[in-house]
Amino acid sequence: MSDVVDGDSVDAQATQPRPVKPSGPAGKSQVDAKPPADAYRYNMNYPCLGQCVIINNKNFDSKTGMNMRNGTDADAGNMMKVFTQLGYKVKINNDLTVKDIKTLLYNVSKEDHSKSASFVCVLLSHGDEGVLYGTDAPVDLKDLTGLFRGDRCTTLVGKPKLFFIQACRGTELDSGIETDSVAEGGSTERIPVEADCLYAYSTAPGYYSWRNTANGSWFIQSICDMLLRFGKELEIMQIMTRVNHKVALEFQSSSNLPGYNEKKQIPCIVSMLTKELYFP
């Protein structure tokens, strides 16, 4: 397809746009009607709020070179408590291999979610950029989250799908920077298959993710705190911004390892949500 002046162009054959039907008699003045408020808000009025699947990997095969993730059981328990209180059906799955993880999430994606308002998946493990570890090997995160794309999990189309990922995304360390404090004062439609997903990563791309061996990870601690305090009040992106604030300002590493003390962390929230999400 050749490029056009002042128009959108793609490196593939484009489909022909559908003609826009006039909204009123020719020659008449028209006004833009205000869309209903719920046009920008997910419908959570379903028989079931949805499932919350927690994958909690603590012990790893020696061939992976990965250490035991002490503190992760606190993360799993706290997330189970919080999402149960919100109204989700929660199940913790401990120490899964890559095959186990793929099988579990594939089976969940093929279930009938037509009576559910949403879906939540919590992944607690070691990781690297774009990768999560099973107890025996790494697996691409996209192979897991992609099971819930709109074209693969049709009963969750148009519904929010939340993924909370506590795992390293590399080996960089954030030393932080000093700053002055600032006072704070009926018709069908086509949607992208990647739409309506939220990926909440514990850390920015390329960085380590910190976990306290007794209290759990900074990220999960902060999520649980903010959901307990504001889960019935604020929209999900407002909640996650407060999670970022808490992790960034209230945590700093304490380590005896050279170069690992007094390090910082910032979560990374990637949203493909198309509406506002309020828990009922």
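## The F119–F163 pair

F119 is buried, with a relative accessible area of 0%. Buried means under 20% relative accessible area, exposed over 50%, and partly exposed in between, with a 1.4 Å probe and protein chains only. F163 is also buried, at 1% relative accessibility. This is a predicted model: local features need pLDDT of at least 70, side-chain atom pairs count only at pLDDT 80 or more, and totals for chains, interfaces and linings use all residues. Residues are numbered from 1 along each chain as its sequence is written, and side-chain values use heavy atoms, with hydrogens and water left out.

F119 and F163 form an edge-to-face aromatic pair, 6.3 Å centre to centre with 70° between the planes. Rings of Phe, Tyr and Trp (its six-membered ring) pair if their centres lie within 6.5 Å; planes under 30 degrees apart count as stacked, over 60 as edge-to-face and the rest as tilted. F119 lies in strand β3 (residues 116-124) and F163 in strand β7 (residues 161-166), so the pair ties together parts that are 44 residues apart in sequence.

## Other aromatic contacts

The whole structure holds 11 aromatic pairs. In one of them, the ring centres of F83 and Y88 are 5.6 Å apart and the planes stand at 75°, so the pair is edge-to-face. Both F83 and Y88 are buried. Ring pairs also link Y208, W210, W218, F251 and Y260 into a cluster.

## Charges over rings

The charged end of R41 sits over the ring of Y278, 4.1 Å from its centre. The criterion is NZ of Lys or CZ of Arg within 6 Å of the ring centre and within 35 degrees of the ring normal. R169 lies over the face of Y201, at 3.8 Å from the ring centre.

R169 is found in the loop between β7 and β8 (197-201). R169 is buried, with a relative accessible area of 8%. C-alpha to C-alpha, R169 and L132 are 8.9 Å apart in space and 37 residues apart in sequence.

## Largest pocket

The largest pocket has a volume of about 740 Å³. On a 1 Å grid over the protein atoms alone, a pocket is an open set of points where a 1.4 Å probe fits, with protein on both sides within 12 Å along at least five of seven lines; lining residues have an atom within 4 Å of a point. The volume is the space filled by probe spheres set on the points, which are joined across faces, edges and corners.

The lining of this pocket has 28 residues, of which H126, Y208, S209, W210 and R211 lie nearest its centre. The elements giving two or more residues to the lining are β4 (127-128) and β9 (211-212).

## Positive phi

D95 has a positive phi of about 50° although it is not a glycine. D95 is placed in the loop between β2 (89-94) and α2 (98-109). At 30% relative accessibility, D95 counts as partly exposed.

D196 is not a glycine either, and its phi is positive, near 70°. D196 lies in the loop between β7 and β8. D196 is buried, with a relative accessible area of 2%.

## Whole chain

The chain has 5 helices and 11 strands. Both are DSSP runs, numbered from the N terminus: helices are H or I with at least four residues, strands E with at least two. Buried residues make up 42% of the 280 residues in the chain.
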